[in-house]
Amino acid sequence: MEGIALDGLDHPPTVEVAAESDGAGNVVVAVTLTGIELVPADPPGDHQPGQGHLHISVDGETVAMTSHAVHYLTGLADGHHEVAVRLSANDHRDYLFGGSPIGDSTMVMVTGGTVPKAPDLVFAVEVSDGTVVGGVQRFEAMVGDLIEISVTSDVDDEVHLHAYDMTVHLHAGSTTTLLVEGTIPGVFEAELHGAGYRVFELQVS
Ligand SMILES: [Cu+2]
């Protein structure tokens, strides 16, 4: 779905997210916004300039669409999670600035939650000097596998896994983990959004 480019605005909306664990497996997500009026996402409305709602994702998977600047995530597993927020128009299209979704992300450490499931398979990729170290690999898994793929990068970017429609943020000099439940069979590409090239392929059979 095409986004809505706001490049013409002098003061495009801004989004900042903070996430705090309560020590019992829940996270409070607090979003600070300028330049946008939040309106309920349900039922979906027509696009109105200046209005929208928030898409909240955890570890690359959208978990909520909300018109509230404070959102509670419950029942998370212990460990680090990426919480990301994107600004969406009433009709659920992303608002874009400079070609990228308007949003923000942060990491939160959850304690007191559920025991994390151990992955069945673990893969790793490294992006360095504008290329995938050792070339693009195809990771093979079975339907039902829990697949952990860690991506280490020397640049900020986003990894998007097609079909599963998961997006996680990469931060220069650190490793981001993508946890995929192998539910959809096929061969899927994961690409770096900013750089525009493939980082790996995932084959689920
Ligand atoms: Cu939406």
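In which sense do E1 and strand E9 pair, and over how many bridges? The legends below begin with an overview and come to this pairing in the second view.

**View 1. Overall dimensions of the predicted model.** This is a predicted model, in which local features need pLDDT of at least 70 and side-chain atom pairs count only at pLDDT 80 or more, while totals for chains, interfaces and linings use all residues. Residues are numbered from 1 along each chain as its sequence is written. The protein has 0 helices and 20 strands (DSSP runs numbered from the N terminus; helices are H or I with at least four residues, strands are E with at least two). Its C-alpha atoms fill a box of roughly 45 × 40 × 30 Å along the principal axes. The radius of gyration is 17 Å, which agrees with the value near 17 Å for a compact globule of 205 residues (taken over C-alpha atoms; the rule is 2.2 Å times the number of residues to the power 0.38). Of the contacts with a separation of 6 or more, 64% join residues 24 or more positions apart (contact: C-beta atoms, placed from the backbone, within 7 Å).

**View 2. The open sheet E1-E9-E10.** This sheet has 3 strands in mixed pairing (two strands pair if DSSP finds at least two bridges between them). Its edge strands, E1 (4-5) and E10 (100-101), each pair on one side only. E1 and E9 (residues 95-97) pair in the parallel sense over 2 bridges, with Ala5 opposite Leu96.

**View 3. Strand E20 and its two partners.** E20 (residues 198-204) pairs with E14 (residues 137-141) in the parallel sense over 5 bridges, and with E19 (residues 186-192) in the antiparallel sense over 6 bridges. Phe200 in E20 stands opposite Gln137 and is also the bridge partner of Ala190. The hairpin of E19 and E20 has 5 residues between the strands, and Gly196 there takes a positive phi near 80°.

**View 4. The largest nonpolar core.** A nonpolar core is a set of buried Ala, Val, Leu, Ile, Met, Phe, Trp, Tyr and Cys residues joined through C-beta atoms within 7 Å. The largest has 21 residues, and those touching the most other members are Val151, Val159, Leu161, Leu178, Val180, Val199 and Leu202. E20 gives the most to this core, with 4 residues. Beyond four places in sequence, Leu178 touches Gly60, Ile149, Val151, Val159, Leu161, Met166 and Val168. A second, separate core of 20 residues includes Val27, Ile36, Leu73 and Val85.

**View 5. Ala172 in the loop between E17 and E18.** Ala172 lies in this loop and is exposed, with 10 other C-beta atoms within 10 Å (buried: 20 or more other C-beta atoms within 10 Å; exposed: 12 or fewer; partly exposed: in between; C-beta atoms are placed from the backbone). Ala172 and Val127 are 45 residues apart in sequence and 9.8 Å apart, C-alpha to C-alpha.

View 6. The assignment gives domain 1 (4-110) and domain 2 (121-204) (bounds from an automatic or database domain assignment). Their C-alpha centres lie 23 Å apart. The contact takes 6 residues from domain 1 and 6 residues from domain 2.

Technical notes. Contact = placed C-beta atoms within 7 Å.
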